[in-house]
Amino acid sequence: MSDLPFGFSMPNDPDDESGRRSGDSGSGAGSGRPGGGDSGTPSDFPFGDPQQMANMLRQFADMMSSQPSPGGSGGTSSQSGINWDMAKNIARHTVSQQGDPSVPPHDYAKVEEALRLADLWLDQATDLPSGIHTAQAWSRSEWIERTIDSWAQLCDPLTSKTVQAMGQNLPEEMRSMAGPLLGMVQQMGGMMVGQQAGQAIGELAREVIGTTDIGLPLAGEGNAALLPPGVAGFGEGLQIPEDEVRLYLAAREAAVHRLYSHVPWLRSHVSRLVEEYAAGMSFDVSGLEDKLGGIDLTNPEALQEALSGGMGGESLFQPEDTPQQKAALARLETTLALIEGWVATVVSDAVSERLPQAGALAEATRRRRATGGPAEHTFAALVGLELRPRRLREASALWTALEEARGIEGRDAVWQHPDLMPAGADLDDPDAFVSGGGEFGDADFDISKLTGDTNAAKDEKKDDGDDRGEDA
């Protein structure tokens, strides 16, 4: 069995019914017809023999109809055409290749104890109550299983744009030649991106520490977990006791869960910002014809490499910056910075007098979040977005100033509504925001709204709207 991707056969495979033989060159005279001779291709057609492309697409169609779905019947195919069950299986295979043992009972107990203890410490650093329902230690494979749904939800708006571009942005000559088979290009793109997503998530699983590394609880609110190999990897070279490293990372994990569990609008807000960023994505197809002209469309490996930008080259479909995309990215980066800054501030308050090396651990975390690891960069290249806070220090300074001016309750009350949150400009001038220059001014914060009667809060908001309507 060959190693060609997605089940394509070799050109000289006796099962290959495309009409090509091992002596055919795949292009030019004598190609595209079983008997050789001129293929009749227009001299100005830039993509080679259209019959060859049709053969390749038919081959792909045969493969699609005969290949079983990963994990049995069906599979989970998203709105982008990506089979995330396949991606999950590839990710698990990626981590198993280098060994992924189950978590030993004594390591599991250490992680569970650290999460519970650190969560208790946070009670004195924030008014938000505990958000942890389960405290666990996971292997890398367990992390993949528990987080794959969140990756699919997060990445679909981004990857779907790339997959759509693979068919919609082709030149008109190619669209007319391919006809209904053009959809196969998009299907191939969906499979290719799914394969790459699985490999990237598998590599990412070898670097992550817990469920909240990107500032989002990937296993859902309340399901806190740490990966012992990730904790050990974070502490390498720091010369800090492992127990202290584990407690610090547990405090960060617990803090993120508190935030998302008791700020109900936050997850949907982050997801909406990602969707806005995806909606603004545009692809530069100005040089597409020249690029396609140099590709043997009958060679699946060459086409896959061109679509993905393999071997260090540029992908056929390179996203280009647009004003809409830049604006959405700025809002997303500000939100991620505010989340990360709040977590850093709260964790510092909770552990600074309990962990001797808290300062060194905080600086190591800032460096990690600012630069990212190799797998994080690979994943960012795949989805076209880096989920990293670029203004972490400014956000941390703003939350610290708010706490000094308004106390813990006043600091945390800013999370009551997205309209109360600081904007990017407030990170430039936190003093103005803290002193009342922000939109909320000297409002009397009521932190109970975060955990109180939701219906009452909705009624109050409706009444306020009615009053504004009467005043108008």
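Predicted model: local features only at pLDDT ≥ 70, side-chain atom pairs only at ≥ 80, totals over all residues.
Student: Why are helix 9 and helix 12 called roughly antiparallel to each other?

Tutor: The axes of helix 9 (residues 266–279) and helix 12 cross at roughly 155°. That angle is over 145, so the two helices are roughly antiparallel. Their axes come within 8 Å, and helix 9 passes helix 12 in a left-handed crossing.

Student: Which residues meet between helix 9 and helix 12?

Tutor: From helix 9 they include Leu-266, Val-270, Leu-273 and Tyr-277, and from helix 12 they include Ala-328, Leu-329, Leu-332 and Ile-339. By class, this contact has ten nonpolar, four polar and two charged residues.

Student: What makes helix 7 roughly perpendicular to helix 8?

Tutor: Helix 7 (residues 228–235) and helix 8 (residues 242–262) pack at an angle of about 110°, and their axes are 10 Å apart. The class roughly perpendicular runs from 65 to 115 degrees, so helix 7 falls into that class against helix 8. Helix 7 passes helix 8 in a right-handed crossing.

Student: Which residues make the contact of helix 7 with helix 8?

Tutor: Helix 7 gives Val-231, Phe-234 and Gly-235, while helix 8 gives Val-245, Arg-246 and Leu-249. These divide into four nonpolar, one polar and one charged.

Student: How do you know whether Gln-239 is buried or exposed?

Tutor: Gln-239 is found in the loop between helix 7 and helix 8. Its relative accessible area is 79%, and exposed means over 50%, so Gln-239 is exposed.

Student: What is the phi of Gln-239?

Tutor: Gln-239 has a positive phi of about 55°, although it is not a glycine. Most residues other than glycine have a negative phi.

Student: Why is Ala-137 called buried?

Tutor: Ala-137 sits in strand 1 (residues 134–137). Its relative accessibility is 2%, and buried means under 20%, so Ala-137 counts as buried. Leaving aside neighbours within four places in sequence, Ala-137 is in contact with Val-103, Asp-107, Tyr-108, Val-111, Glu-142, Leu-226 and Pro-228. Ala-137 and Ala-224 are 87 residues apart in sequence, but their C-alpha atoms are 8.6 Å apart in space.

Student: How many aromatic pairs are there?

Tutor: The count comes to four aromatic pairs. One of them is Trp-342 with Trp-415, at 6.3 Å centre to centre and 85° between the planes.

Student: How do you know whether Trp-342 and Trp-415 are buried or exposed?

Tutor: Trp-342 has 0% relative accessibility, under the 20% limit, so Trp-342 counts as buried. Trp-415, with a relative accessible area of 1%, is buried by that rule.

Student: How many of the 472 residues of the protein count as buried?

Tutor: The share is 50%. The protein has 18 helices and four strands.

Note on methods: Residues numbered from 1 in each chain as written. Heavy atoms only, no water. Axes fitted to C-alpha atoms, helices over the stretch in contact; angles between N-to-C directions. Parallel < 35°, antiparallel > 145°, perpendicular 65-115°, else oblique. Left-handed = near helix turned anticlockwise from the far one by under 90°. Contact = heavy atoms within 4.5 Å. Nonpolar A, V, L, I, M, F, W, Y, C, P; charged D, E, K, R; others polar. Buried < 20%, exposed > 50% of the residue type's maximum accessible area, 1.4 Å probe, protein only. Phe/Tyr/Trp six-rings, centres within 6.5 Å; stacked < 30°, edge-to-face > 60°.
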